[in-house]
Amino acid sequence: RIIRALLGEENTAAGRLHDIVEQFGMEPLIGKTLLTFGDVRWNNSNVQGAIQRLLEISGEDAQTVPRKGKTAWHGTLGARIVVAGNDVPRFNDPSHAMANRMHIVRFGQSFAGREDWGLTGRLLAGLPGIFNWALDGLDRLEDSGSFSVSESTLLLKERVGESSDRLGQFIDEYLKLGEGLTATEDGLMEAYEEWTKRTRSNRDSTSAA
């Protein structure tokens, strides 16, 4: 809310992650500087398609964007992306490109049951000071050339990168590669299904803890 207020609502777009894979889902992003997704559920079946779109946007690739009732738009979408959620991001990206582009900020404290309903109003009242604070941060970013990264962020990025290459993990854990070694297709599928169920169960248990 505060970032949108800083940039101006007319310069921002918000929605559900899987909206951008719809036929006209990219149209609201034209001319925007910020795209936000709140409460993302990474186990949603449409997430994988959205990841490809996010890679294209974050990579500043040229886009052809269908528009309803208009000719298609051609250009580069300049929106930066903010994603919020309660789970560690999960997606299939063996190249690790998405994980490498993420700047992960972990919020380790829950305010469930002790919500501060007046917080947004107080922060909006201090918006000029927050804006100056953001400009100071921009100066530091330009001087250093990159964002400062905490140890917890590095660990999370590593975890996201590892989990994004699920096929690679399965091969490393289950298969032995070598000349003359063989496996049946049915055997491979059975092993992969068993591995998928086990790793999902372990991952969910870790997230719950």
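Helices (H or I, at least four residues) and strands (E, at least two) are taken as DSSP runs and numbered from the N terminus. The figures below show a predicted model.

**Figure 1. Overall arrangement of the protein chain.** The protein chain contains 8 helices and 5 strands. Read from the N terminus, the order of these elements is α-β-β-α-β-β-β-α-α-α-α-α-α. Of the 209 residues of the protein chain, 25% count as buried. Where contacts join residues at least 6 apart in sequence, 66% of them link residues at least 24 apart.

**Figure 2. Helix 2 and its buried side.** Helix 2 comprises residues 47–58. At 1.5 Å a residue, its 12 residues should span 16 Å, and this agrees with the end C-alpha atoms, which are 16 Å apart. Val47, Ala50, Ile51, Leu54, Leu55 and Ile57 are the buried residues of helix 2. They lie on the same side of helix 2, because the arc that they cover around the axis is only 165 degrees. The cover over these buried residues includes strand 2 (34–37), strand 3 (62–67), strand 5 (80–83) and helix 3 (97–101). After helix 2 comes Glu60, which has a positive phi, near 55 degrees.

**Figure 3. The largest nonpolar core.** This core has 27 residues, of which Leu17, Leu29, Trp42, Ile51 and Phe91 touch the most other members. Strand 2, helix 2, helix 3 and helix 6 (151–164) are the elements that each give two or more residues to the core. Helix 2 gives the most, with 6 residues. In soluble globular proteins, nonpolar side chains tend to be buried together.

**Figure 4. Surroundings of Ile51.** Ile51 belongs to the buried residues of helix 2 and is among the core residues that touch the most other members. With residues up to four places away in sequence left out, Ile51 touches Trp42, Phe91 and Met98. Of these partners, Trp42 and Phe91 are also listed among the core residues that touch the most other members.

Figure 5. Gln63 counts as buried because its relative accessible area is 9%, and buried means under 20%. Leaving aside residues up to four places away in sequence, Gln63 touches Met26, Glu56, Ile57, Trp73, His74, Gly75 and Leu77.

Notes. Residues numbered from 1 in each chain as written. Predicted model: local features only at pLDDT ≥ 70, side-chain atom pairs only at ≥ 80, totals over all residues. Heavy atoms only, no water. Expected span 1.5 Å × (residues − 1). Buried < 20%, exposed > 50% of the residue type's maximum accessible area, 1.4 Å probe, protein only. Arc of directions from axis to C-beta. Contact = heavy atoms within 4.5 Å. Core = buried A, V, L, I, M, F, W, Y, C linked by side-chain atoms within 4.5 Å.
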